[in-house]
Amino acid sequence: MKIDGNESRTIWYENNVVKIIDQTKLPHKFIIKDLKTVKDAINAITIMEVRGAPLIGGTAAYGLVLAVKENNNLEFIIKSSEDLIKSRPTAINLKWAVDRMMKKILGTNSDQILDIVLNEAKEICDEDEKFCENIGLNGLRIIEEIYNKTKKTVNILTHCNAGWLATINWGTATSPIYHAHKKGIPVHVWVGETRPRNQGANLTSYELNEEGIANTIIADNTGGILMQRSDVDLCIVGTDRTLSTGDVCNKIGTYLKALAAHDNNVPFYVALPSSTIDWNIKSFKDIPIEVRNSEELSHIEGIDEDNKIKKILIYPKKSKALNLAFDVTPAKYVTGLITEKGICEASSDALNKMFK
Ligand code: MRU
């Protein structure tokens, strides 16, 4: 998608280094950063220079390319894969990508191993871009149906950033919106700011602005009243891990949006590539929910009058804070799953039918 009018991806390989957009500096500064070692890749995931389940997977894949480049001793590569998986616990794409890369690495005893793993990492990213484009084409039908009925601007509420900045390109929740916009369907997006790291305000609104799509940032608790007032036609969010039961784990606050949507009969869709389905865990209580540093809550970053990014304390010094990064929306509150293969119910039968 576009940045300053130029097509861009979120990660690519160039002159033997991995290039990323440092998302901790957005929306105020657009900085391309080099990842030269597997440690750089692990750090980029941990401190969220890259974030969003599919992009975390893509970065882990390139992280193993950097590991092989550094030292193709198998012990080092296996340790690197374990450290990559430990960098963040909730997004299943991380383990999915590492397992896929390790299968390739363990299956290869050629001295072409670097080319082979580089090719696999590129394939994982190309596939994700294609899957997200198809998610958009499948989700477009939902937006078209609403527009054909109302002939009015379609108001879509989203939460966090499940945009192209969270994937390789197109995004998941945003992809149907980009396709609708390209097709001339009037859309407007309610963007939940998504405290405490504000991925909605800093990233989703930023990328929608770059594509010329109307959007309004709202405080996270505003979604409910907008639904009561029928100002929301549709909710589309992403996911970090969707169980084969249809239960959906996504950014903290998603569950509350789903409850409000259910109470107001607003369709609540979840967009995901198949790489984000967890076929192993059966109970959502077993999903590892990330607990991040409470400073992300007690402090906030912004740009000061000298155009410098500054972090300030906003809470009373003595107060404690708990920073849970994700929650789970039970399948019963999900209208449907928008995948690269089509739209299905959030249930085991439907997911097995579509993917198994
Ligand atoms: O903590 P983050 O920014 O990595 O959380 C991201 C989300 O929750 C996204 O909605 C999810 O990863 C889907 S991205 C297509």
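Which residue in β7 does T158 stand opposite? The structure is a predicted model, in which local features need pLDDT of at least 70 and side-chain atom pairs count only at pLDDT 80 or more, while totals for chains, interfaces and linings use all residues. Residues are numbered from 1 along each chain as its sequence is written, and side-chain values use heavy atoms, with hydrogens and water left out.

T158 stands opposite V191 in β7. Helices (H or I, at least four residues) and strands (E, at least two) are DSSP runs, numbered from the N terminus. Two strands are said to pair if DSSP finds at least two bridges between them. β6 and β7 run parallel and are joined by six bridges. In a regular strand the side chains alternate between the two faces of the sheet. In β6, V154, I156 and T158 lie on one side and N155, L157 and H159 on the other, and all are buried. The term buried stands for under 20% relative accessible area, exposed for over 50%, and partly exposed for values in between (1.4 Å probe, protein chains only). β6 is thus described as mostly covered, with six of its six residues buried.

An open sheet of four strands has the order β13-β10-β11-β16, and its pairing is mixed. β13 and β16 (326-329) stand at the edges with a single partner strand each, so one side of each has no neighbour in the sheet. The pairing of β10 with β13 is parallel and extends over two bridges. L243 stands opposite D278 in β13. Helix α9 (residues 254-263) lies across β11 (248-251) and β16, and runs at about 30° to β16. For such angles, axes are lines fitted to C-alpha atoms, for helices over the stretch in contact, and angles run from 0 to 180 degrees between N-to-C directions.

Helix α4 comprises residues 92-106. At 1.5 Å a residue, its 15 residues should span 21 Å, and the end C-alpha atoms are 21 Å apart, which agrees. The expected span is 1.5 Å times one less than the number of residues in the helix. The buried residues of α4 include I92, L94, A97, V98, M101 and I105. An α-helix has 3.6 residues a turn, so residues three or four places apart point the same way. The buried residues of α4 pack against α1 (38-46), α2 (53-70), α3 (74-86), α5 (113-150), β10 (241-243) and β13 (277-278). Contact here means heavy atoms within 4.5 Å.

The ligand is surrounded by 18 residues, of which the closest are R51, R88, D240, N250 and K251. A residue counts as near a molecule or strand if one of its heavy atoms lies within 4 Å of it. An N or O atom in the side chain of K251 is 2.7 Å from an oxygen atom of the ligand. For Q199, a polar side-chain atom lies 2.8 Å from a ligand oxygen atom. In A53, a backbone N or O atom lies 2.9 Å from an oxygen atom of the ligand.

E296 lies in helix α10 (residues 295-298) and is buried, with a relative accessible area of 14%. Its side chain is joined to that of N323 by a polar contact of 2.9 Å. A polar contact is a pair of N or O atoms within 3.5 Å; within protein, one must be able to donate a hydrogen and the other to accept it, and residues adjacent in sequence count only if both atoms are side-chain atoms. Not counting residues up to four places away in sequence, E296 touches R195, P196, R197 and N323. The peptide bond from R195 to P196 is cis, with omega near 0°, and P196 is placed in the loop between β7 (187-192) and α7 (199-210). Another cis peptide bond joins L26 and P27, with omega about 5°. P27 is in the loop between β4 (17-21) and β5 (32-35).

Strands β14 (residues 299-303) and β15 (residues 309-313) pair in the antiparallel sense over five bridges. The bridge partner of I300 in β15 is I312. The two strands form a hairpin with five residues between them, and N307 in the turn has a positive phi of about 60°.

K151 has a positive phi of about 55° although it is not a glycine. K151 lies in the loop between α5 and β6 (154-159) and is exposed, with a relative accessible area of 54%. For N265, phi is near 50°. N265 is in the loop between α9 and β12 (268-271) and is exposed, with a relative accessible area of 72%.
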